[in-house]
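This report describes selected features of one protein chain. The sequence and structure are shown first.

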Amino acid sequence: MSPGPKSLAVIAQRAKDGIGNTRSRATRIQQHTRDTFSPVLTLGRGLNRQLAWARGWWKNASADKRKAGAAVVVGAVLALYFLPYAPLIALLLILAAAAWLGRADKPPAPEPGPDPIELRLQAVYNGLVPHLADDHDPARLFHPGGAYRDAFRDWELDGDRITRLELTYSPYFTDDDPGARARIERVLQAKLGRGREYFHDWDTENNRLIVAALPPLPPAVPAQQFITAPCEILLGITDADSTNRRTPIRVDGATHQLPPVIWRTGNRSTDPHLLAVAAPGAGKSNLLRTIALQAARDGDIVVIDGSGSGDYACLAGRRNILRIETGYHGALETLTWLRHETERRIAAVTHAKQHGTPVPDNARRPLWVILDEITELSDLAAGQGTTDPQELLDLPLRLGRATHIGVITSTRPTHLDRLRPPLIADTHTRVVLGPLDPETIRTVLGTGPGVSGGEDMPPGRGYVRIGNGPVVRIQVPHTPDPLEEDTPEAERRRLLALLPHHTDALTVEDPTISLAKERRREPEPTA
C-alpha cells in the first residue's frame, strides 16, 4: 500500500528538519574547530606573510641589495650557531612576528560618503560654468571640471540648505547686461531652490556677486486704522532690512511692530502720484481700497472704476467720497471737472503767494483721484472717437503737488503700452503685484528688483519703488470688499466699521466741489 499525501508531507518535513539539524551541527563543529586551532592558523598565516614579504623583497631588489641581504643572513646564521640560546631566541622572535602578522584583520572601515553640501556647492558651480566660463580669463575661475572652491569665496548654511553664497567671476563677464545677469540669477535660483526668493547684490567693480535667501514677508495684515502722520499712507508691509521704521499693527488679536512701506504725499512730496500694475487676482483692488480708507480720513476722494467691476461700491454715500463713476461719459465729465478744479486751485495758490496771504482751505484740502483700469476708458474713447480720458489728466498730474491733488491709477501688465507718456512720466510711485516677468517689472519700476524667485506669490505680494529710491518687497494689507458674498461676516463688520460715516448728500458745502453741487439732486451713482 502506497503512503498517503499526509504521510508524504510528514516524511518530507522530517527530512527537511534533519537536513537543517545536520547543517547546524556542521556549522557548530566548524566554529569549534576554528576556535581550537586558531593559534596554529594565526601562526601559519603570519609565516606565509613573512615568506611573501621576503620573496617580494628578493624579487624587486637589485643585485647589490641581494648580495648585502645574503651577507646579513649568513652573518645571522653564524651568530645563531655560536651564541648560547640564540636558536631558541630566534625561533621565538620569528613566531612572535608571525603571530603579530597573522592576526585577524579587522574589516576596513567604510569610506565616508561625499558631503551633501559639497555636492550641492559643486552642482551650483557646474550649473554656472556654461554662463561664466571664459577662455580669455587667465584665472579660469569657471571651467569644465573645475572645483567650486576656485570661485566661491564664502557661503552660509541653514541645515542642508544654502542661505548665502559669495562668488567671484571673470572680469570678462558682461555684468552690465541685464540679460546676462538674468541668466545667472535663474541658474542660481534653480540650483539653490525654487521655493524661496533670493536677493542678488552685484558688485561690478570687484567682479563679485552675493546671493542671499530672503526671509518670508510677514503675512497679509488685515485692514485697520494704521498709525501714520498726516499726508502719509501705508501701502503695505516690507522686509525688516528695508526700513528702520516700525509701526504697531494688530494681527490675530495681538499687536506687532512691523516694518511698513510709507508713501508720503502732500505739497512737500516729490512723488504725489502712484501707478499700480497688476494682473487680475493679484491684489490691486485690495491696494486701492487700502489707500482710499486712509485717504478719506483727511481728504476728499473721487473714484473712477474703468472696468465697471463695482469693487468700490462700499464707498458710495460715505463722508469725503465725492463721486464714484463706472461709465465712460460720467468719468469724462468727472475728469473735466478735475481739470477745472486744478486750474481753480492753482489760481488760488498763485494769488495767495503774490499777495502774501494764506492759501484758502478749499485749495489746500487733499483731493485724491483713484482711476482703476484707466486704459479701459481709453479703449472706449478710441471706439467712439471722443476725447481720451488720459488727456484730461495732464494738468492734474503736472500741478498735483502744488494743488494737493493726488492721482492713483492702475492697469494690467498687458495694457502698459496704452498708457500715455504724461501719465507714465508723472507717476513716480510704482507698485507691481503678482508674479510678473522680469522685463515687465523693469519697465514699470525703472530698474530690476534684484530679487528672483517667488513664482508662487500670494495675492497682494509684489514690489514697490517710491521715486528714485530702492525697490523693496511689499505685502499689501488684506482689504476685501465688504459687499462681496464670500467675505466672512467678521471681516465684513470690521471693514464696514473702518469706512467713513454715511452722509445724506454726496458733497459737503465747499466751493471746491462744483461738479458735485450740480448733481446734488440726482440719484446716487451706482458702482
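Is the crossing of α8 and α11 left-handed or right-handed?

## Helix crossing

The crossing of α8 and α11 is left-handed, a term for a near helix turned anticlockwise from the far one by less than a right angle. The axes of α8 (residues 328-355) and α11 (residues 394-403) come within 10 Å and cross at roughly 40°. Axes are lines fitted to C-alpha atoms, for helices over the stretch in contact, with angles from 0 to 180 degrees between N-to-C directions. Helices are DSSP runs (H or I, at least four residues), and strands likewise (E, at least two), numbered from the N terminus.

In contact (heavy atoms within 4.5 Å), α8 contributes residues including Leu338, Ile346 and Val349, and α11 residues including Leu395, Pro396 and Leu399.

## Salt bridges

The structure holds 24 salt bridges, each a side-chain nitrogen of Lys or Arg within 4 Å of a carboxyl oxygen of Asp or Glu. One of these joins Arg418 and Asp379 at 2.4 Å, N to O. Arg418 lies in the loop between β13 (405-411) and α12 (421-426), while Asp379 belongs to helix α10 (residues 374-384), 39 residues apart.

## Basis of the model

This is a predicted model, in which local features need pLDDT of at least 70 and side-chain atom pairs count only at pLDDT 80 or more, whereas totals for chains, interfaces and linings use all residues. Residues are numbered from 1 along each chain as its sequence is written, and side-chain values use heavy atoms, leaving out hydrogens and water.
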